[in-house]
Every structure is written in structure tokens, then in C-alpha cells.
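Here are a few notes to go with the model. Have a look at the pockets first, then the domains.

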Amino acid sequence: KGPDPDVVAIAERMATVKHKILVLSGKGGVGKSTFSAQLAFALAAMDFQVGLLDIDICGPSIPKMLGLEGQEIHQSNLGWSPVYVESNLGVMSIGFMLPEPDDAVIWRGPRKNALIKQFLKDVYWGELDFLVVDAPPGTSDEHISIVQCLDAGSIDGAIIVTTPQQVSLIDVRKEVSFCKKVGVQVLGIVENMSGLCQPVMDFKFLRMTEAGEQIDVTEWAREHLKERAPEFLSTIACTEVFDSSRGGAEKMCREMGVPFLGKVPLDPQLCKAAEEGRSCFVDQKCGVSAPALKKVIDKM
Ligand code: ADP
């Protein structure tokens, strides 16, 4: 039996891609797509040629997070063209192909597999330093497809995003085990939503009554602080939202022998940047999360 022609075609396409990175998570909603998007922005800002491929077929959020909602893919004689944020940052997602953004995509494995194959075979990326692949949560059809189509050995590695809760960490173990089984190196684990941090000035102050009512006393509290402790208003306050008393991701990494890449706090400004499709690195707004993300990316 000769080599699979699809695999040969994909290998030819991928010959111009230097590094391939998978972004995985055990659960949904932990910030995997946010991380993929910001990683792509960061690499592009370092002047690398970057491609971001969204294979979360049932819930593609990458177009929105890159500010590309409503854009369409164009076909040229070289293949499908990615949608470009900048000349060195191209994006491909099924989100660009849906006629109605609110339509549910209800596909079985073979159809998902066929689309992923087509993405890899037909998208003309040109020369890329990095192809970042944003996968859906878990270990399902899409993951098996991407690893088989790309050939696990040609993937530089996977980054796994988690939150500090045990329910998320348990599923990270499954992701690590998946990577080991299919032969993809784990580049490391990122603990996202690791505490809520923001300037005290941005907090809302509420007084709870015994009847369970919330009374907004923000104005009063700020005035009070301005008079008594003005320096306090410009400090950043953090609180652990999720229980990480059992050591969180860092401890798990030590146990599993995989690198820990760092913690990124919950930062309302990062959420805003993601909602608006912006890089969190360009202005000083994401003062809490951008340096943490940068540290993680430098460690990769
Ligand atoms: P996933 O891809 O894991 O399903 P998303 O990246 O879509 O998760 O993130 C879920 C939501 O949480 C999004 O609204 C995103 O902007 C927000 N979010 C993710 N990480 C952070 C963070 N560190 N601080 C604030 N909001 C975040």
C-alpha cells in the first residue's frame, strides 16, 4: 500500500512551516482560545510570520478574538487564503465559513476529520515561522485528526491551559496522557484565571445587608480611601477566586514531570481585549495580565 495521498499533500503544504504548536485544554472556558489568540499576537509582534488555525469546529471563537468577525475566506489558485490581521498574522477558522454565526455545527467525527484535512491541505499559508493550532477542549475527533494529519513527530509540542480548580486539573492529566500516547511533547502547562487582580480603583465596593441586598458604596469608599490612604487606590489587589490550596497546576506539573509555564491572573482588561479582538500587549491597559502572559511565552 502506497502512502496516503492526503498525508503527502499535507506534508508538502507544511514544508514551509517551521514550528507547529498545539494549544489544548481539558475543559472549555478556561481561556485556551484567549491564550492562543494572545500567543499569535505576541509572536507576530516579535516579527515572526504567524498562522493561527482554529480547529474548534463546534465553537470557533478565534475570529472574534482576533477582531475578524464577519470576514470571509478567499480562494486563489494557490488554495484558500487565510484572513489577515496584519501581513504577518493570518487566521483560518470554520467561523469564517458559517453563513449564520449563530448556527450550530452538528457534525460527526468523519466530517470534522475531512474539514481538518482540507484546512491542512488547501490553506495557503506561505512561509511561516509558527503555526498555532487552537484545538477544542478534551481529547476527541479533532485532536486525533490533527495529530494524524500533521504527523505527531512534526509537531513541536503542546501547551495545555488550565484553571486552578481541581475539576480542571484532573482533566489536564488526561491531556498529558493523550500527548504521551500519540507522541506529542508537552511544552508546558499554563495556569490561567489564577486569582483576580486589578487596581483597587477599579473595584466596586458593595455593602451586603442581612436581607441579602447589595448596596453600592463605591463612591463613599473611594472618597474615604482618597483622604485616608491615597496610595492604596493605586495598588493592585488580588484575590484567589478558585481554590488552589492543594498546589494547583505547579504541583501537578512537578508530579507529572512536565514544565510549568506560569500563572496568568483573571484580568477584566484581558477579557475586554479578547472580546474586542485586540492584542493585550499593545497598550498599557492589560497591566496585570500582559506581563504574566509575556513571561509564559518567553518560557515556552
Ligand atoms: P476556552 O477557549 O478555554 O473555552 P476562552 O478563551 O473562550 O476559553 O475564555 C472564556 C472567557 O474567559 C472569554 O470571555 C475570555 O475572554 C475570558 N478569559 C480567559 N482568560 C481570562 C483572564 N485571564 N482574565 C479575564 N478573562 C479571561
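1. The lining of the largest pocket splits into 9 nonpolar, 9 polar and 6 charged residues. Here Ala, Val, Leu, Ile, Met, Phe, Trp, Tyr, Cys and Pro count as nonpolar, Asp, Glu, Lys and Arg as charged, and the others, Gly among them, as polar.

2. Ground rules. This is a predicted model, where local features need pLDDT of at least 70, side-chain atom pairs count only at pLDDT 80 or more, and totals for chains, interfaces and linings use all residues. Numbering runs from 1 along each chain as its sequence is written, and side-chain values use heavy atoms, with hydrogens and water left out.

3. Who lines it. There are 24 lining residues in the largest pocket, with Gly31, Lys32, Thr34, Met65 and Met193 nearest its centre. Two or more residues each come from helix 2 (32-45), helix 3 (62-65), strand 9 (186-199), strand 13 (260-266) and helix 10 (268-275). Helix 10 gives the largest share, 4 residues. (Helices, H or I of at least four residues, and strands, E of at least two, are DSSP runs numbered from the N terminus.)

4. (A pocket is an open set of points on a 1 Å grid over the protein atoms alone, where a 1.4 Å probe fits, with protein on both sides within 12 Å along at least five of seven lines; lining residues have an atom within 4 Å of a point.)

5. Domains. An automatic or database assignment gives domain 1 (5-194 + 240-299) and domain 2 (201-233). Their centres, taken over C-alpha atoms, are 39 Å apart.
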